[in-house]
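This briefing covers one protein chain. The sequence and the model are shown first.

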Amino acid sequence: MESRVLSRATAFASVPSLRKSSPRHPGAVSFVSPARRPIGTVSEGGNLIWGRQLRPALLLEASPPSSRKEILKPCLAAAAEGGDSAGEAKVAPVGFIQKYPALVTGFFFFMWYFLNVIFNILNKKIYNYFPYPYFVSVIHLGVGVIYCLISWAVGLPKRAPMDSNQLKLLIPVAVCHAIGHVTSNVSFAAVAVSFTHTIKALEPFFNASASQFVLGQSIPLSLWLSLLPVVLGVSMASLTELSFNWLGFVSAMISNISFTYRSIYSKKAMTDMDSTNLYAYISIIALFVCIPPALIVEGPQLLKHGFADAIAKVGLVKFVTDLVWVGLFYHLYNQLATNTLERVAPLTHAVGNVLKRVFVIGFSIVIFGNKISTQTGIGTAIAIAGVAIYSYLKAKIEEEKRQAKAA
């Protein structure tokens with residue numbers, strides 16, 4: 001508004017004043033620009049800054065009485081035109097995310113499930129022609145780290161600073177993450193995907209045991225009772241699993257223990273850092289932890305015939321693209337799992353995590369045509385049901401604790 005007032009005032013200032021002819025020259029009309037101080041001058045204080053400090057009162061003070069009404073016209077018109085818009089500007093526009101939060105949360109869940117299923121299927125297909133889980137684990141983390149570095153470079157998100165104290169706290173978390181990730185992949189390579197996920201359903205049992213006997217936290221009897229179906233179901237599924245071998249079983253159990261200790265160390269390493277940056281730093285540290293075992297355990301075999309056999313079976317382009325895609329899917333589904341947890345209550349996330357495991361087991365059986373016995377199917381269903389009951393009870397107990405503290 002101030003700019004328009006100044007422009008109109010300038011126009012008036014540039015129009016010469018009309019004065020009657022002098023007696024000496026009858027009929028003549030002369031144009032004389034009267035001397036006036038510049039618009040925006042305040043007493044002897046000099047000119048004001050353009051568009052910043054100029055006010056209508058000062059403008060009127062600098063103008064002759066005859067033109068004040070004309071100068072006020074654009075002010076009043078602009079106020080009339082901008083009145084409604086100014087009022088509307090105070091209310092921030094409602095975006096799609098704010099307008100449809102349930103739909104957005106549903107999309108997060110869908111992408112979390114979709115990426116997890118695609119990762120498990122593609123991961124198993126790679127192991128069918130390239131059975132080197134240590135190296136593939138490095139690829140998973142390596143692609144994720146590259147993704148994080150690119151995201152930091154473009155400022156999405158902005159990289160959070162890391163000091164030595166935070167690093168010391170995150171190293172145990174990252175080491176447990178690395179061990180759990182590698183042993184999970186060893187199990188995926190050794191047995192059917194569905195069987196590995198059935199064994200990993202025991203993870204809540206290890207979490208409860210660690211909380212009770214390591215952290216000294218009292219676990220309610222109801223939680224212990226809800227874990228009995230989990231143990232029973234996994235035992236039933238293991239006894240009749242057609243793809244059973246001890247390497248796959250033991251590796252999945254070590255993965256459960258590793259992820260349990262990762263949870264313990266994560267509680268001790270509580271930080272104000274956002275989840276995206278936190279997971280990025282954990283991935284970087286875990287990558288450095290995974291590289292030495294991969295070189296020691298699988299390095300000689302890879303150089304001797306591992307890479308050559310894989311390229312001979314599927315070709316160089318497919319081999320490389322499969323590794324890149326599986327690494328990207330691994331990082332994105334883990335990141336989406338964290339982002340989904342931030343959008344929903346712990347109970348909703350716990351139930352979603354159980355349903356995710358059901359989806360993965362079901363799709364892997366359909367895609368790979370894995371034959372399972374009736375007892376294995378029943379045992380898997382019992383284990384998943386037990387996990388669902390445990391997750392529900394635990395989330396409910398945690399919510400009651402939070403409400404009690406808030407009260």
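The model is predicted. Its protein chain has 407 residues, and 41% of them count as buried. The secondary structure comes to 16 helices and two strands.

**Whole chain**
- The protein chain has an accessible surface of about 22,700 Å², and carbon and sulfur atoms account for 67% of that area.
- Among contacts with a separation of 6 or more, 81% are between residues 24 or more positions apart.

**Helices α9 and α10**
- Two packed helices are described by the angle between their axes and by the distance between those axes.
- Helix α9 spans residues 203-213 and helix α10 spans residues 221-239; they pack at an angle of about 140 degrees, with axes 10 Å apart.
- The crossing of α9 past α10 is left-handed.
- On the α9 side, the residues in contact are Pro-204, Phe-205, Ala-208, Ser-209, Gln-212 and Phe-213.
- On the α10 side, they meet Trp-224, Leu-227 and Val-231.

**Nonpolar surface patch**
- Phe-213, Val-214, Ile-257, Tyr-261 and Tyr-265 make a nonpolar surface patch of about 480 Å².
- Helix α11 (residues 246-268) gives the largest share of the patch, with three residues.
- Tyr-261 counts as partly exposed because its relative accessibility is 34%, and partly exposed covers the range between the buried limit of 20% and the exposed limit of 50%.

Terms used
Residues numbered from 1 in each chain as written. Predicted model: local features only at pLDDT ≥ 70, side-chain atom pairs only at ≥ 80, totals over all residues. Heavy atoms only, no water. Patch = residues over 30% accessible without salt bridge, like charges linked within 9 Å, V, L, I, M, F, W, Y side chains within 5 Å. Areas by Shrake-Rupley, 256 points an atom, 1.4 Å probe, with all protein chains shown as cover. Salt bridge = Lys/Arg side-chain N within 4 Å of Asp/Glu carboxyl O. Helix = DSSP H or I, 4+ residues; strand = E, 2+ residues; numbered from the N terminus. Buried < 20%, exposed > 50% of the residue type's maximum accessible area, 1.4 Å probe, protein only. Axes fitted to C-alpha atoms, helices over the stretch in contact; angles between N-to-C directions. Left-handed = near helix turned anticlockwise from the far one by under 90°. Contact = heavy atoms within 4.5 Å.
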